[in-house]
Amino acid sequence: MSTSGTPGSGASATGATSVEVLSSGGNTAHRPSDFDPAAPLLSVTDLNVRFPTEDGLVHAVRGVDYTLRPGEVLGIVGESGSGKSVTSLAVMGLLPESARVTGSVRYRGHELLDQRDREMSRIRGRGISMIFQDPMTSLDPVYRVGDQIEETLRIHDKDLSSRAARARAVELLELVGIPQAGARVRSYPHEFSGGMRQRVVIAIAMANQPDVIIADEPTTALDVTVQAQILEVLQTALQETGSAMVLITHDLGIVAGMADRVLVMYAGRPVEVGGVEDIYYEPRMPYTLGLLGSLPRLDSTTRERLTPIAGSPPSLVNMPPGCPFAPRCPLHIAECDAAEPPLLDVGLDHTAACIRTEQVERAHGRAAAVFDTASTDLVLGGSPLPADAAAAPVEGEDDGRPGPPAAAAPDAFRGETGTVTTPRGDRP
Amino acid sequence: MSAPTTGRTSGTDGAREPILSVRGLKKHFPIKGGGLIKRTVGAVRAVDGLDLDLHPGEVLGLVGESGCGKSTTGRAILNLQPATEGSVRFQGREIVGLGRKQMRPLRRDIQIVFQDPYASLNPRLPVFDIVAEPLIVHGLTRDEQHLRARVRELVELVGLNPEHTNRYPAEFSGGQRQRIGIARALALEPKVLVLDEPVSALDVSIQAGVINLLEDLKDRLGLSYLFIAHDLSVVRHISDRIAVMYLGRIIEVAERDELFERPAHPYTQALLSAIPLPDPRRERARQRIIISGDVPSPANPPSGCRFRTRCQKFAHQLDDTQRQRCIDVEPELEDRGVGHLNACHYAEAARVL
């Protein structure tokens with residue numbers, strides 16, 4: 001593997017020349033005519049996805065709404081299992097047949113959910129394209145990378161000659177910063193490193209200048225120095241194609257740098273939506289606040305204690321009524337359990353699904369004002385190891401520790417099935 | 001190379017004896033080739049001459065990208081994978097070359113927590129047995145009642161409900177499993193804990209709880225940590241001193257804030273610069289150093305300075321005679337006037353955050 005590479009980012013160096021090449025493809029003439037140019041690019045309304053399993057119906061996505069505006073980057077953040085990937089697979093029509101999808105996904109006013117796969121194939125790659133997390137599995141190992149790019153081009157443009165497609169493939173590879181693109185176009189995926197493969201995937205995603213690129217954790221499989229390269233290539237791709245992007249990630253740093261608007265998901269639903277600065281500096285949903293507070297900061301000289309969120313996300317089978325975050329929420333009151341709150345307006349173009357946003361507002365983004373940093377002290381309140389003479393027991397840290405729940409004999413648990421209650425779920 | 005080098009990673013406690021001291025550590029994995037008869041045709045030089053000191057009560061962060069040899073270092077220090085060459089001393093006692101039996105008493109003092117709490121706990125053992133196993137193996141239990149009390153204590157210590165010890169790992173969340181792994185490691189009252197990416201498999205809201213726990217345990221039990229991780233935000237939060245690894249060697253060591261505020265090695269600068277900050281205004285205002293290419297193969301590292309093939313300084317700032325030095329001479333880990341140790345001929349402190 002050559003590491004001599006292009007100094008800095010090859011993408012930006014070659015970017016300028018490729019604009020003409022890409023736009024000369026004459027894409028717009030091939031857009032399906034029944035799309036309304038005035039309609040929003042992508043609008044998702046009340047999207048629900050359910051998967052039947054042995055344990056019951058898993059309600060993985062529970063009413064997602066969003067609208068993507070032209071040229072905008074919408075960041076979707078959430079922890080694993082929050083439904084952010086399933087949402088995007090539903091938009092692309094890529095879920096397995098067993099999935100039950102309801103609601104509406106409109107691309108330029110055109111409903112996608114009732115499309116057959118054949119019709120969706122005309123939109124995938126041209127109207128909406130996708131970048132997956134793992135470039136090892138999203139490229140076909142038995143075809144040369146050039147062939148895979150050319151396939152994407154020629155499937156949407158039957159008139160494109162093989163020679164022209166090859167030329168475009170080389171241009172695209174140069175654009176995403178692959179050195180010696182003319183030679184590397186004949187390589188197989190296994191001849192590339194992970195970062196290089198992800199560049200190829202991005203080249204494929206931008207090949208037809210789609211209106212929307214959905215990037216699902218595009219850098220999660222990569223090392224941080226390679227991630228920085230890929231993020232720069234993504235920026236280049238957006239500039240070159242003018243596409244809007246849905247950027248799905250768990251990394252709040254990437255979203256801070258790339259997104260215009262942010263949608264925070266929890267337990268299959270958006271719990272807060274707003275402009276990127278509102279979300280980071282003035283969050284209104286306790287979950288968002290807690291998520292930001294639990295992040296150790298690279299740029300902080302003070303060693304502030306992190307604020308973990310107690311407990312773990314709920315199971316998405318047979319969810320009880322009420323706010324799904326309530327069991328972990330420090331601002332929880334009885335009303336929270338009555339009904340799941342809808343997204344309420346909390347500011348200009350800023351909504352949060354919480355009935356106690358005023359309390360969150362007072363924290364002004366400081367998680368420690370709401371969340372209990374002592375919650376781990378609480379669990380550490382036990383006596384120190386008796387044999388460890390060197391250890392000085394820290395007294396006075398065990399305030400508020402609830403005693404162990406009235407100790408049933410341990411054997412009482414034996415044979416019990418069902419979900420485990422987290423120990424800290426015992427908090428009053 | 002096995003001779004002691006200048007790499008005494010002295011910190012503020014230069015006068016104190018390190019509890020763990022590593023010199024010239026090498027771990028090479030042979031590459032077998034040929035047909036029926038397997039011959040060694042080369043070696044993956046996963047760790048290739050590494051020096052570090054861990055002082056009592058200190059958290060030393062060991063960071064680097066995947067494949068830089070940080071986990072191999074952790075395992076070689078514990079003698080889980082015998083070192084090819086070099087010396088690892090725990091409280092002055094040489095570990096390299098000890099057999100399994102000879103290692104056993106030392107295992108009480110140095111324990112490890114692994115990255116993946118789904119793979120490091122036996123799914124067929126209830127939590128009680130997992131935490132009790134080290135106590136039984138080392139014959140530290142007087143009777144059944146004492147064992148029960150001790151396991152209960154350990155499980156409470158890591159913030160789990162002691163009523164749950166007869167459950168199996170599958171019933172616990174990732175964060176809870178990692179706490180079980182920590183309880184098991186603490187069972188023998190070790191002095192040093194090697195933490196190999198202990199929180200990278202966890203979601204951030206859960207990760208924060210485990211980090212807080214590790215900090216508290218360190219203070220309460222007077223532990224020393226070798227904290228191996230790729231996430232520099234976590235490392236900055238928990239470490240006192242940080243060593244940066246690249247391709248099997250340490251390229252920079254400094255006190256925590258010194259490293260983040262005044263990194264001197266081009267790789268450290270690029271690494272810090274590459275990490276996105278969860279702060280939109282600061283993140284958008286940053287100038288990013290983007291280095292090209294990927295990490296070279298540790299089977300065939302570049303001559304001279306290992307980082308030169310990706311180095312932004314080598315590519316853009318040095319002249320040909322300066323470059324020749326990078327190609328010919330491998331830089332030692334020493335203080336070049338920036339106030340801490342680094343392995344770059346042309347080290348210059350710079351602010352990148």
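I began with helix H5 of chain B and listed its buried residues, which are B:Gly175, B:Gln176, B:Arg177, B:Gln178, B:Arg179, B:Ile180, B:Gly181, B:Ile182, B:Ala183, B:Arg184, B:Ala185 and B:Leu186. For burial I used C-beta atoms placed from the backbone: a residue is buried if 20 or more other C-beta atoms lie within 10 Å of its own, exposed if 12 or fewer, and partly exposed in between. Helices (H or I, at least four residues) and strands (E, at least two) are DSSP runs, numbered from the N terminus.

I note that this is a predicted model, in which local features need pLDDT of at least 70 and side-chain atom pairs count only at pLDDT 80 or more, while totals for chains, interfaces and linings use all residues. Residues are numbered from 1 along each chain as its sequence is written, and chains are lettered from A and ligands numbered from 1 in the order in which they are written.

**Confidence**

I looked up the pLDDT, the predictor's confidence in each residue from 0 to 100, and found a mean of 90 for chain B, with 95% of its residues at 70 or more. Over residues 1–14 of chain B the pLDDT is below 50, and this stretch has 26 contacts in the model beyond near neighbours in sequence; a contact here is two residues whose C-beta atoms, placed from the backbone, lie within 7 Å. For the complex, the predictor gives an ipTM of 0.87 and a pTM of 0.83.

H5(B) covers residues 174–186, and its 13 residues reach 18 Å from first C-alpha to last, close to the expected 18 Å, where the expected span is 1.5 Å times one less than the number of residues. Since 12 of its 13 residues are buried, I describe H5(B) as largely enclosed by the rest of the structure. The cover over those buried residues includes strand S6 (110–113), helix H3 (127–137), helix H4 (144–157), strand S7 (192–196) and helix H6 (204–221) of chain B.

In the loop between H5 and S7 of chain B I found B:Glu189, which has a positive phi of about 55 degrees although it is not a glycine. Most residues other than glycine have a negative phi. B:Glu189 counts as partly exposed because it has 16 C-beta neighbours inside 10 Å.

B:Val192 lies in strand S7 of chain B, and I recorded it as buried because it has 21 C-beta neighbours inside 10 Å. Not counting residues up to four places away in sequence, B:Val192 touches B:Ile19, B:Leu20, B:Leu54, B:Asp109, B:Ile110, B:Ser224 and B:Leu226.

**Helix H8 of chain A**

I then turned to H8(A), residues 194–206, whose 13 residues reach 19 Å from first C-alpha to last, close to the 18 Å expected. Here too 12 of the 13 residues are buried, so H8(A) is largely enclosed by the rest of the structure. Its buried residues pack against strand S6 (128–131), helix H4 (135–138), helix H5 (145–156), helix H6 (162–175), strand S7 (212–216) and helix H9 (224–241) of chain A.

Among the buried residues of H8(A) is A:Ala203, and of the 202 residues in the largest nonpolar core, A:Ala203 and B:Phe227 touch the most other members. Such a core is a set of buried Ala, Val, Leu, Ile, Met, Phe, Trp, Tyr and Cys residues joined through C-beta atoms within 7 Å. Leaving out residues up to four places away in sequence, A:Ala203 touches A:Ile149, A:Leu172, A:Leu173, A:Leu175 and A:Val176.

**The sheet of chain A**

I followed 8 strands of chain A through an open sheet of mixed pairing, in the order S6-S7-S8-S3-S9-S10-S12-S11; two strands pair if DSSP finds at least two bridges between them. S6 and strand S11 (344–347) stand at the edges with a single partner strand each, so one side of each is left without a neighbour in the sheet. S11(A) and strand S12 (residues 350–352) pair in the antiparallel sense over 3 bridges, and the bridge partner of A:Asp345 in S12(A) is A:Thr351.

H8(A) lies across S6 and S7 of chain A and runs at about 175 degrees to S6(A). Axes are lines fitted to C-alpha atoms, for helices over the stretch in contact, and angles run from 0 to 180 degrees between N-to-C directions.

In the loop between helix H12 (286–293) and S11 of chain A I noted A:Asn318, a residue other than glycine with a positive phi of about 45 degrees. A:Asn318 is exposed, because 11 other C-beta atoms lie within 10 Å.
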